[in-house]
Amino acid sequence: MNVQRTHSADAATVEEALAADNHQGVVDSEGATALAMQNTLLTPRFYTTDFDEMDAIDVTPVRADWDKLIAQMKSDPNKGHFKKNEDWDSVDWENMEPRLKAEFIDFLVSSCTAEFSGCVLYKEMKRRGNNEDIVTLFQLMARDEARHAGFINDALREAGIAVNLGFLTQKKKYTYFRPKFIYYATYLSEKIGYARYITIYRHLEKHPEHRFHPIFKWFREWCNDEFSHGEAFALLMKTDPKLTSGGNVLWIKFFLTAVYSTMYVRDHQRPAFHEALGVDPDWYGQEVFRKTSAISEQIFPITLDIDHPRWMKGLKRLQRANADLAAAKQRGSLLGRIGPSARAAMAFVSLFTIPAKKHAVPDTTRMEPAY
Ligand SMILES: [Fe+2]
Ligand SMILES: [Fe+2]
């Protein structure tokens, strides 16, 4: 009998990708799903928004750039890419150093949840919308994220783990963000995703001896998808100048500070992972922030001053406070949480109040991946 196996990498739509064999929970892992279910400040969340307001966006002011971007996404250069092929070296999960294994699985589960969170949000916008431009864009982005999540799940499955994505869709708590916050947060998460993946990819090009898992070989095409998604959100914001001026600049600063500092704290929870990659997390953080800031000048009128003397100090204070908070939680000490929480809040305020760098925004947002 000829059994046709389908894979999310070959799917043309998000529906097809989610129905593919590799998206079905062949192995169900309670631990991984529980990890993905967590909602803390540091774990990826699921979002919902005012879909009608988003559906009402008129892309006429950015039409020429919009059509080019959509045509490029429709041409689908990465179709078929996100699955194992002969470049996929076998992974010795059994003998992986236990701390590295735990941190790497945590990295994969959290990446998979983040990819899937994008997929769910974009798919819902596509389902609820009537605006042809918006529906088309969100269908294309949801397709990509479903492929990315499916591919990470392939990697996890080799370790005997799978995140139950269907269960997550049903049961994970959804956080409501009004559309403008979705633009800031999602734009930044797409662009910082690009910067994170390309920085690791380029580092491992120079130091292949640190490539302890084959999935990193896929990071270049991967981050190009994220780059395009970020371009789309830049164009959406460009349709309404109010979104990036006046009082909203403070919101932009807030999201920049929150996204950067969350990344810093989360990465410092995985020392063995970064050591195996041969990457100093302080260097990596600054490198990723620098790239993300340079890109975000396409649409944001400010960037954070990450060379300010208070920046690194503030991040380190935040990270220590967070570690102490986690320890207090582990001990079950409610009282013990007060000090670290207050210290974390003060560190965040100190970061947030560093004067931002202002600059003029170009007339057209369009950029190509350059790193
Ligand atoms: Fe993605
Ligand atoms: Fe994305």
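User: Two residues are in contact if their C-beta atoms, placed from the backbone, lie within 7 Å. Leaving aside its neighbours within four places in sequence, with which residues is Cys-112 in contact?

Analyst: This is a predicted model, in which local features need pLDDT of at least 70, side-chain atom pairs count only at pLDDT 80 or more, and totals for chains, interfaces and linings use all residues. Residues are numbered from 1 along each chain as its sequence is written, while chains are lettered from A and ligands numbered from 1 in the order in which they are written. Once the neighbours within four places are set aside, the contacts of Cys-112 are Ala-149, Ile-152, Asn-153, Leu-156 and Val-163.

User: Which helix gives the most residues to the side of domain 1 that touches domain 2?

Analyst: The centres of the two domains, taken over C-alpha atoms, are 24 Å apart. Their contact takes 10 residues from domain 1 and 8 residues from domain 2. The helix that gives the most to the side of domain 1, with 6 residues, is helix 5 (residues 98-128).

User: How many charged residues does that side of domain 1 have?

Analyst: By class, Ala, Val, Leu, Ile, Met, Phe, Trp, Tyr, Cys and Pro count as nonpolar, Asp, Glu, Lys and Arg as charged, and the others, Gly among them, as polar. On the side of domain 1 that touches domain 2 there are 5 nonpolar residues and no polar ones, and the number of charged residues is 5.

User: What is the radius of gyration of the protein?

Analyst: The radius of gyration is taken over C-alpha atoms, and the globule rule is 2.2 Å times the number of residues to the power 0.38. The C-alpha trace spans about 65 × 55 × 40 Å along its principal axes. For 371 residues, a compact globule would have a value near 21 Å, and the protein agrees with this at 20 Å.

User: Against which helices do the buried residues of helix 13 pack?

Analyst: The expected span of a helix is 1.5 Å times one less than its number of residues. The 23 residues of helix 13 (residues 309-331) should therefore span 33 Å, which agrees with the 34 Å between the end C-alpha atoms. Among the buried residues of this helix are Trp-311, Leu-315 and Leu-318. They and the other buried residues of helix 13 pack against helix 10 (248-267) and helix 14.

User: Is Met-312 buried or partly exposed?

Analyst: Met-312 has its place in helix 13. Its C-alpha atom is 8.9 Å from that of Leu-351, which is 39 residues away in sequence. Because 15 other C-beta atoms lie within 10 Å, Met-312 is partly exposed.

User: Is Thr-353 buried or exposed?

Analyst: Thr-353 is in the loop between helix 14 (338-352) and strand 4 (357-358). Because Thr-353 has 12 C-beta neighbours inside 10 Å, this residue counts as exposed.

User: What is the phi of Asp-76?

Analyst: Asp-76 is found in the loop between helix 4 (63-75) and helix 5. With 13 other C-beta atoms within 10 Å, Asp-76 is partly exposed. Although Asp-76 is not a glycine, its phi is positive, at about 55°.

Definitions and conventions
Domains from an automatic or database assignment. Helix = DSSP H or I, 4+ residues; strand = E, 2+ residues; numbered from the N terminus. Buried ≥ 20, exposed ≤ 12 C-beta atoms within 10 Å, placed from the backbone.
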